[in-house]
Amino acid sequence: MARLSGAGHFVPDGVVSNEDLAEIMETSNEWVVQRSGIRSRHWVRHILGKSDILGNVDLAERASRQALKRAEILPSQIGAIVYATITPDYEWPGSGSLLAERINPGIPAYEVRNHCTGFLYGLLVARTMVDSSRFEHVLLVGVEILSTGLDVSTRGRNTAVLFADGAGAVVVSQSAEPGIYDLILETDGRFADKLGVEAPSFARPIPLKADDFEGEAPAVFPRMEGKLVFKHASEKMPEMVQRVLKKSGFTANDLRWIVPHQANQRIIDMLGSALGCPGKVYSNIERFGNTTAATIPICLSEIQTQGKLDPGDLLCLVSFGAGFAWGAAVLRW
Amino acid sequence: MTVFLHSAVSKIDFSLEDTPSGVGAALLTNSLRQAGWAPESLDLVISCSNTPDFNQPGLIHCLLPRLNWQNPTYPQCAALELKHLGAGFFYALQFGHDVIAAGAYSKVAVVAVDLLTRFFGGVSESQLNEGQLAAKGWLADGAATCLLGREPNSAGRSYGVGEVSIRTDIRGREAFRCRAPEANHQGDRLTIEDFNKGRHLPELDLPSLVKLLPQRLPATYRGSAGPLVDLLCGKLELFGFGPGLDLGTAIMEVR
């Protein structure tokens with residue numbers, strides 16, 4: 001049986017506040033906080049002289065080493081890496097193989113590309129590898145550098161204020177006791193064009209043209225039908241928590257924490273209200289923004305850092321994002 | 001219990017106008033029909049592609065709505081997107097096998113689509129450096145699917161998915177690479193000038209790659225679809241590799 005045995009996270013030093021963004025685009029702290037709950041985020045991107053120049057794998061390595069230390073697992077004991085990102089350092093090779101070189105050279109590295117649900121899909125892969133006894137310990141990483149792909153002009157403010165950079169990692173290990181009870185993952189591709197980035201892509205030949213970088217909605221920058229995403233996320237996330245709890249034979253009362261994907265504080269609040277336990281829903285979006293595949297492991301690591309997670313605690317993880325795709329898991333720490 | 005691989009041999013023609021997801025959906029529809037599986041019966045679809053329709057979300061999300069669903073309520077199966085090149089099929093195969101063996105899912109489809117020639121669309125050869133020219137001459141297009149299911153009565157059966165092995169070897173990172181369009185390592189994404197200068201194009205150092213590979217280099221490279229195409233051609237000891245080097249091998253028998 002598979003169980004999470006340690007979590008770690010890392011975010012770049014560069015803290016970008018809403019006030020900082022207001023210096024380069026038409027926005028305000030009040031506007032951003034009211035719509036998203038975000039007050040600041042960490043970016044590697046050069047802005048107002050704040051920068052780290054770290055790559056995707058650099059963030060992942062730091063988070064991974066913290067997770068390994070907390071799990072009391074040596075890097076050489078890791079049998080495989082599951083690497084969830086949509087923003088790798090290179091098109092080829094994958095960032096997972098680059099992390100493998102730094103952690104335990106030669107081990108396989110699954111490159112998972114499932115956006116906001118990437119960590120949950122990665123959890124499915126890691127659990128399966130451990131349950132099959134293929135590996136005793138698997139390192140699962142969720143990491144993104146989203147800041148470098150944002151439109152930081154007023155034209156892009158609806159998405160630029162939301163997304164951020166960061167990495168979170170957990171070690172999934174074999175255990176005699178049940179760890180990950182149930183995992184439900186679903187998708188509906190009819191909404192594939194409602195949240196994402198159009199180009200560069202291969203529905204048409206690249207290279208890109210100047211038009212792709214210009215105009216009202218440039219193809220190279222994120223696009224999001226915010227109201228539609230909000231509506232579906234607000235419905236699906238509570239539904240998924242209830243379904244996965246029922247499937248695994250637990251209730252919300254049994255949970256110590258519900259750890260949702262950090263996309264919007266209003267969605268997080270609605271989740272707590274719908275489930276009748278707002279105090280159990282963890283949130284750090286105010287300080288970190290939306291780091292896509294990294295949000296959930298960053299939350300897990302923070303909770304562990306704060307001493308608010310004890311062995312045996314029951315957790316529910318839930319996410320919704322591009323695709324549309326959504327999922328939830330129940331696990332015991 | 002044996003996990004079996006049902007490789008419904010089929011062929012489709014596709015053109016420059018077809019989208020990668022359209023090619024994958026047409027093939028998967030054929031495979032499902034030949035296997036007698038309804039799309040609604042799939043628990044999990046795994047896609048392997050480096051050439052998705054959109055930069056985000058992945059190819060799988062564009063592909064699934066194009067299947068020939070009979071159920072008026074859109075079925076919402078799990079959809080995993082893996083981003084590997086030649087080793088992608090082996091990662092998908094190993095995971096697909098294990099997830100069925102664990103009892104989490106019963107019917108899994110693997111779809112591999114790589115239309116690699118599109119990297120060079122609209123680019124004149126006179127603009128290419130030596131490594132890019134080598135890559136252009138070698139990279140090809142391919143798409144293939146296979147279905148994985150549970151065999152309830154495995155007594156006496158020797159076929160199915162055999163040993164699947166995957167590993168990475170980073171010594172090959174300079175021999176076969178593509179630095180963009182997703183490069184983050186410089187602190188800023190590529191600009192239109194970078195694309196105009198061809199910095200997004202794959203590069204191949206053939207002599208170095210040959211030295212690193214344990215097996216013979218294929219004449220053409222179809223990315224994640226390559227090993228599956230080999231499978232459809234009757235080859236049962238498969239080998240694939242991708243930049244990294246991401247290496248995969250598998251032994252199997254096709255039903």
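Biologist: A salt bridge is a side-chain nitrogen of Lys or Arg within 4 Å of a carboxyl oxygen of Asp or Glu. What should I know about this model before we use that term?

Modeller: Residues are numbered from 1 along each chain as its sequence is written, and chains are lettered from A and ligands numbered from 1 in the order in which they are written. Side-chain values use heavy atoms, leaving out hydrogens and water, and local features need pLDDT of at least 70, side-chain atom pairs count only at pLDDT 80 or more, while totals for chains, interfaces and linings use all residues, as this is a predicted model.

Biologist: Which residue of chain B forms a salt bridge with A:Arg134?

Modeller: Between chain A and chain B the count is two salt bridges. In the one made by A:Arg134, the closest N and O atoms are 2.6 Å apart. The partner is B:Asp98.

Biologist: How many residue pairs are in polar contact across the interface, and which element of chain A gives the most residues to the side that touches chain B?

Modeller: A polar contact is a pair of N or O atoms within 3.5 Å; within protein, one must be able to donate a hydrogen and the other to accept it, and residues adjacent in sequence count only if both atoms are side-chain atoms. The rule finds 29 such residue pairs between chain A and chain B, both residues being at pLDDT 80 or more. Helices (H or I, at least four residues) and strands (E, at least two) are DSSP runs numbered from the N terminus, and those supplying at least two residues each include α4 (95-103) and β13 (325-332) of chain A. With six residues, the top contributor is α5(A).

Biologist: Why does B:Cys48 count as buried?

Modeller: B:Cys48 lies in strand β2 (residues 44-49) of chain B. Buried means under 20% relative accessible area, exposed over 50%, and partly exposed in between (1.4 Å probe, protein chains only). B:Cys48 counts as buried because its relative accessibility is 0%.

Biologist: Which backbone oxygen does the side chain of A:Ser248 reach?

Modeller: A:Ser248 lies in helix α7 (residues 226-248) of chain A and is buried, with a relative accessible area of 16%. At 2.7 Å, its side chain reaches the backbone oxygen of A:Val244.
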